[in-house]
Amino acid sequence: MINKLNHVPLTVPNYSYAFNFEKNFVYSDALTTITNHYPYCFYYSAIYVILIFAGKHYMSNRPKFELRGALALWNISLAVFSIFGFLRMWSEVYHILSYHGFYHSICIPSFLTQDPVAAFWSLLFILSKIVEFGDTVFIVLRKQPLMFLHWYHHVTVLLYAWLCFVETTAYARWNSIVNFFVHSWMYSYYALKATRFNPPKWIAMLITTLQTVQMIWGCFVTITAYSYVKSGQVECHIKPHNAKIGLLIYLSYFILFARFFKQAYLSSKRGMKVKKKNNINDKLIKAN
């Protein structure tokens, strides 16, 4: 989209269609509500951890639930949501990269302050991190392995995603679009598994690879943004503490996912316990 008065590209893409609830969304209004509720995220996270381990203990001496139909519906719903989220955010990111460059994409939060469609989907993105706690409910009730990577990721991504929204963090556009993209694959894969389809094993390996690359990209973006701020780029709207927190979180994710990748696909004992390994793969891959 071009400003006809001065021929300068605007920071809002020309969406082919936008619903009224997207076009009428006001980030500043949502910001007040989200900021006021942010402290509750810590309570939600604490309750989540307590309940999943209490539930695991409760289920230890009880038969597991199959819940295959509910699980299929759950994964299909999140897959569709992730696909739509990616397509919406991609329009904004593609426009920014095409007309304003990479620096703008990590330093200028126009997707929140000037683009109501992208801002609306950014809000849905952070809210979805609470909904995704439901992944763990299925793991506990179906008596599947509950790995540290799984619940640690769920808690920290909720807290950090909300923090980025509250602080109007520019590179949060990358956090959301990449996560939407990976989740589109991940939840689609699990939807197929829940409906008794058996995708080739290379798809599981591909998704784990995408998850690991996502963490590398997150480290790169936060480091780059921090370097811009420290070099004196005053228009780079990134708070140094946010970049430091983001780097530590993404680095921890990378270590955990790389460790899982090695254990799942490169272990010398892989051929001895194929069935057990496949079961673990199905659970751990969903830690993203």
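Predicted model: local features only at pLDDT ≥ 70, side-chain atom pairs only at ≥ 80, totals over all residues.
**View 1. Salt bridges across the structure.** Welcome to the overview: the structure holds three salt bridges. They pair Glu22 with Arg88, Glu92 with Arg173, and Lys129 with Glu132. The views that follow take each pair in turn.

**View 2. Glu22 and Arg88 form a salt bridge.** Here the closest N and O atoms of Glu22 and Arg88 are 2.8 Å apart. Glu22 belongs to helix H1 (residues 20–23) and Arg88 to helix H3 (residues 68–99), so this pair ties together parts that are 66 residues apart in sequence. Are the two partners buried or exposed? Glu22 counts as buried, at 1% relative accessibility. Arg88 has a relative accessible area of 14% and is buried too, because the cut-off for buried is under 20%.

**View 3. Glu92 and Arg173 form a salt bridge.** Take a look at Glu92 and Arg173, whose closest N and O atoms lie 2.8 Å apart. Glu92 sits in helix H3, while Arg173 sits in helix H9 (residues 172–194), so the pair ties together parts that are 81 residues apart in sequence. Glu92 is buried, with a relative accessible area of 0%. For Arg173, the relative accessible area is 0%, and this residue is buried as well.

**View 4. Lys129 and Glu132 meet in a salt bridge.** To finish the tour, this close-up shows the side chains of Lys129 and Glu132, with an N to O distance of 3.2 Å.

Methods: Residues numbered from 1 in each chain as written. Heavy atoms only, no water. Salt bridge = Lys/Arg side-chain N within 4 Å of Asp/Glu carboxyl O. Helix = DSSP H or I, 4+ residues; strand = E, 2+ residues; numbered from the N terminus. Buried < 20%, exposed > 50% of the residue type's maximum accessible area, 1.4 Å probe, protein only.
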